[in-house]
Amino acid sequence: EKEHKAQNQRDAEARQQLAETLRTVTGALTSTLNLTEVIERLLESLAEIIAYDSSAVMLVQGNEIQVIAGRGNLVAKTTRQRSIPLGENALYAEILHTRQPIVLTDAQQDSRFIHYEDIGNIRGWIGVPLIYKDEVIGLLSVDSLSPGTYGQPEADITFTFAGQAAIAIENARLFGEVQRLATTDSLTGLHTRRHFFYLAEQEFKRSLRYGTAPSAIMLDIDHF
């Protein structure tokens, strides 16, 4: 009975510690609206709640899924920015369809797992969907060199984290789109007058900082 109570106490403390860590990493994710920074912080923060040898963030782009960022030794540079047709990878397609995490005790023994480039040494693997407002926008994966590293508890933790990560990613993407629309002419796709003055101000400040003389070239197109 005493040992049972002690175990319950340890479990309660572990849950509290996890909740505090999730609050901390969520704050880090939502503290910026720059998509690149959000992704970098996502992968860094993930390492605080689950051990991995590598991790990757993939976003859905039409009928493909694009690997937009990775962290760790198992993620080959050549796999980043790779676009993968959903019909090519049954494992990714299953995660996006079921909206549920998938855990591979040993990726080498699962026929759904596809080796890309030089990452054939992956053993333990978790893939979880990134869901924003009931829409699957991508997936998050973590890898390990050792088989049996991950189980359902690790998948549940990663899935919970992915829920917060999806919100941060989509907020950053929406903010970026608003910024683009505010500085780009919808007809021509060229930068607007507002954006020109923003860039001019930045260059003027740069010239003051380095003591150089700013210059500009103006072109006028007749009958544009």
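## Ground rules

Because the model is predicted, local features need pLDDT of at least 70 and side-chain atom pairs count only at pLDDT 80 or more, while totals for chains, interfaces and linings use all residues. Residues are numbered from 1 along each chain as its sequence is written, and side-chain values use heavy atoms, with hydrogens and water left out.

## Overall fold

You're looking at 5 helices and 6 strands, where helices (H or I, at least four residues) and strands (E, at least two) are DSSP runs numbered from the N terminus. Along the sequence, the order goes α-α-β-β-β-α-β-β-β-α-α.

Of the 224 residues, 35% are buried; buried means under 20% relative accessible area, exposed over 50%, and partly exposed in between (1.4 Å probe, protein chains only). Take the contacts (heavy atoms within 4.5 Å) between residues at least 6 apart in sequence: 53% of them join residues at least 24 apart.

Asn34 caps the N-terminal end of H2, with a side-chain oxygen 3.1 Å from the backbone nitrogen of Thr36. Buried residues in H2 include Val38, Ile39, Leu42 and Leu43.

H5 (residues 193-210) has 18 residues and reaches 26 Å from first C-alpha to last, close to the expected 26 Å.

Val60 belongs to strand E1 (residues 54-61) and is partly exposed at 23% relative accessible area. Leaving out residues up to four places away in sequence, Val60 touches Ile65, Leu96, Val136, Ile137 and Gly138. Val60 and Leu139 are 79 residues apart in sequence, yet 8.2 Å apart C-alpha to C-alpha.

Ser144 is in strand E6 (residues 135-144) and counts as buried because its relative accessibility is 5%. The Ser144 side chain reaches the backbone nitrogen of Ser146 at 3.1 Å.

## The second largest pocket

The second largest pocket holds about 200 Å³ of space. Its lining includes Phe196, Leu199, Glu203, Phe204 and Pro214. By class, the lining has 6 nonpolar, 1 polar and 1 charged residues.

On definitions: a pocket is an open set of points on a 1 Å grid over the protein atoms alone, where a 1.4 Å probe fits, with protein on both sides within 12 Å along at least five of seven lines; lining residues have an atom within 4 Å of a point. Volume is the space filled by probe spheres set on the points, which are joined across faces, edges and corners. Ala, Val, Leu, Ile, Met, Phe, Trp, Tyr, Cys and Pro count as nonpolar, Asp, Glu, Lys and Arg as charged, and the others, Gly among them, as polar.

How values were computed. Polar contact = N/O pair within 3.5 Å; in protein donor to acceptor, adjacent residues only side chain to side chain. Expected span 1.5 Å × (residues − 1).
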